[in-house]
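Here's a quick tour for anyone meeting this structure for the first time. Have a look at the model, then read on.

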Amino acid sequence: MSELAMKAEKLDASDELAARRAGFVLDDVVYLDGNSLGALPAVVPGRVEDVVRRQWGELRIRSWTEGGWWTAPERIGDRIAPLVGAAAGQIVVGDSTSVNVFKALVGAVRLARLTGPERDEIVVDATTFPTDGYIAGSAARMTGCTLRPVTPSEVPDVLGDRTAAVLLNHVDYRSGRLHDLPSLTAAVHAAGAVVVWDLCHSAGALPVGLDEHGVDLAVGCTYKYLNGGPGSPAFLYVRADLQDRFDSPLPGWNSHAEPFGMRSAYEPAAGAVRGRVGTPDILSMLALEAALEVWDGVTVEAVRAKSLALTDFFLECVGEYVPEGRVECVTPRAHGERGSQIALRCPDAGDVMKRLIERGVVGDFRHPDVLRFGFTPLYVGFADVERAARVLAEVLA
């Protein structure tokens with residue numbers, strides 16, 4: 001056994017989160033793609049069967065009240081809230097990330113124009129996941145704004161009296177770089193603008209501090225580090241003191257103050273409820289609720305500590321096993337600038353990842369040359385990390 005393999009054994013033996021692995025459906029594959037799709041929590045299949053057979057099959061329409069279906073978006077939002085540093089009553093679950101980005105960004109422009117009607121520019125992260133850019137472009141056209149794509153480091157220098165809203169990613173999906181949410185939020189506020197944060201690659205992986213840092217609006221998916229399942233509903237955060245002024249561009253009957261009044265005139269509900277639109281997707285919503293039980297008794301701080309330890313160890317193993325010059329790490333090594341993934345640049349990355357998967361190490365490939373490995377501390381161990389780096393070295397050799 002190599003020194004690194006022995007070190008992995010010792011690290012696993014002292015890992016306070018190691019027992020959490022038993023709460024997931026896993027096999028002997030090293031699964032490092034939880035930043036794309038989280039593993040299946042073991043409680044979910046039974047819960048979904050109950051929702052389908054009993055709640056839908058037996059109670060039927062009564063489940064909207066007796067089964068708590070109607071209140072699920074806010075109830076599950078309150079379950080997610082501590083994981084992103086938010087008090088209860090500020091998060092609603094439902095719709096896709098893309099739809100929530102649209103609601104948040106148009107809503108942000110409308111908020112900014114309440115005090116600055118001349119504001120006509122949307123600043124967007126130029127390195128963002130493509131959908132955010134597409135949505136930002138559409139929101140700009142619809143609100144009569146100019147779209148200004150810049151890198152996050154350039155944001156403070158381009159803010160001004162014309163800035164209405166700024167859309168940023170907390171963690172870069174390609175490189176895993178963690179952006180400075182507190183300072184960028186403060187800079188946007190100093191310019192009188194409204195900030196929207198995309199938390200898809202940070203929710204459930206590291207502390208966010210939405211309330212602490214005064215974030216205005218935020219969105220996030222639940223199928224990555226929150227393990228909600230493929231296509232599980234996303235979430236929308238609206239800071240409490242902004243909720244009475246948040247004007248969603250997608251008013252639906254579910255966000256009406258009197259949803260069953262069936263009135264032709266729209267009157268938004270109070271609180272986070274006004275972030276809802278139409279009928280919730282109950283099957284995936286309640287699967288997500290069950291999945292979140294794996295967080296019972298776990299703090300985000302403990303998850304972050306293990307995440308950094310895992311990614312540090314992976315870089316150590318790659319440095320020891322992989323031939324020099326064969327890969328280049330594009331993820332920052334500084335803890336304050338790193339999410340919960342490691343991205344390695346490799347000229348033949350697509351073929352390398354294919355061969356890794358064939359040998360039981362699952363990460364993913366991002367065009368044109370990036371190997372991406374996500375580390376979900378609730379079920380990834382240090383022996384997994386050592387094995388992944390060793391197999392990577394064998395494939396590259």
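Let's start inside: the largest cavity is lined by Arg21, Leu26, Val29, Val30, Tyr31, Tyr379, Val380 and Asp384. This is a predicted model, so local features need pLDDT of at least 70 and side-chain atom pairs count only at pLDDT 80 or more, while totals for chains, interfaces and linings use all residues. Residues are numbered from 1 along each chain as its sequence is written, and side-chain values use heavy atoms, with hydrogens and water left out.

**The cavity**
- A cavity is a set of points on a 1 Å grid over the protein atoms alone where a 1.4 Å probe fits but cannot get out, and lining residues have an atom within 4 Å of a point.
- Searching the whole structure turns up one cavity of 30 Å³ or more, and the largest cavity has a volume of about 40 Å³. Volume here is the space filled by probe spheres set on the points, with grid points joined across faces, edges and corners.
- The lining splits into six nonpolar, no polar and two charged residues. Nonpolar covers Ala, Val, Leu, Ile, Met, Phe, Trp, Tyr, Cys and Pro, charged covers Asp, Glu, Lys and Arg, and the others, Gly among them, are polar.

**The seven-stranded sheet**
- Helices (H or I, at least four residues) and strands (E, at least two) are DSSP runs numbered from the N terminus, and two strands pair if DSSP finds at least two bridges between them.
- Seven strands make an open sheet with mixed pairing, in the order E4-E10-E9-E8-E7-E5-E6. Strand E4 (91-93) and strand E6 (146-150) are at the edges with a single partner strand each, so one side of each has no neighbour in the sheet.
- E4 pairs with strand E10 (residues 235-238) in the antiparallel sense over three bridges, and Val92 sits opposite Leu236 in E10.
- E5 and E6 pair in the parallel sense over five bridges, with Leu147 in E6 as the bridge partner of Ile122.
- Five of the five residues of E5 are buried, where buried means under 20% relative accessible area (1.4 Å probe, protein chains only). Glu121, Val123 and Asp125 are on one side of E5, and Ile122 and Val124 are on the other.

**Helices around that sheet**
- Helix H5 (residues 130-143) lies across strand E5 (121-125), E6, strand E7 (163-169) and strand E8 (194-198), running at about 180° to E5. Angles run from 0 to 180 degrees between N-to-C directions, using axes fitted to C-alpha atoms, for helices over the stretch in contact.
- In helix H3 (residues 72-80), the buried residues are Ala72, Pro73, Glu74, Ile76, Gly77 and Ile80. Their cover includes E4, E10 and helix H8 (282-291).

- Four strands form an open, antiparallel sheet in the order E11-E12-E15-E14. Its edge strands, E11 (328-329) and E14 (364-366), each pair on one side only.
- Strand E12 (residues 341-345) and strand E15 (residues 370-374) run antiparallel and are joined by five bridges; Leu344 stands opposite Leu371 in E15.
- H9 packs on this sheet, touching E11, E12 and E15, and its direction makes about 25° with that of E12. Contact means heavy atoms within 4.5 Å.
- Ser307 is part of helix H9 (residues 300-321), and at 0% relative accessibility Ser307 counts as buried.
- Not counting residues up to four places away in sequence, Ser307 touches Ala205, Gly339, Ser340 and Pro377.

How values were computed: 1 Å grid on protein atoms, 1.4 Å probe; cavity = no way out; pocket = protein on both sides within 12 Å on 5 of 7 lines; lining within 4 Å. Buried < 20%, exposed > 50% of the residue type's maximum accessible area, 1.4 Å probe, protein only.
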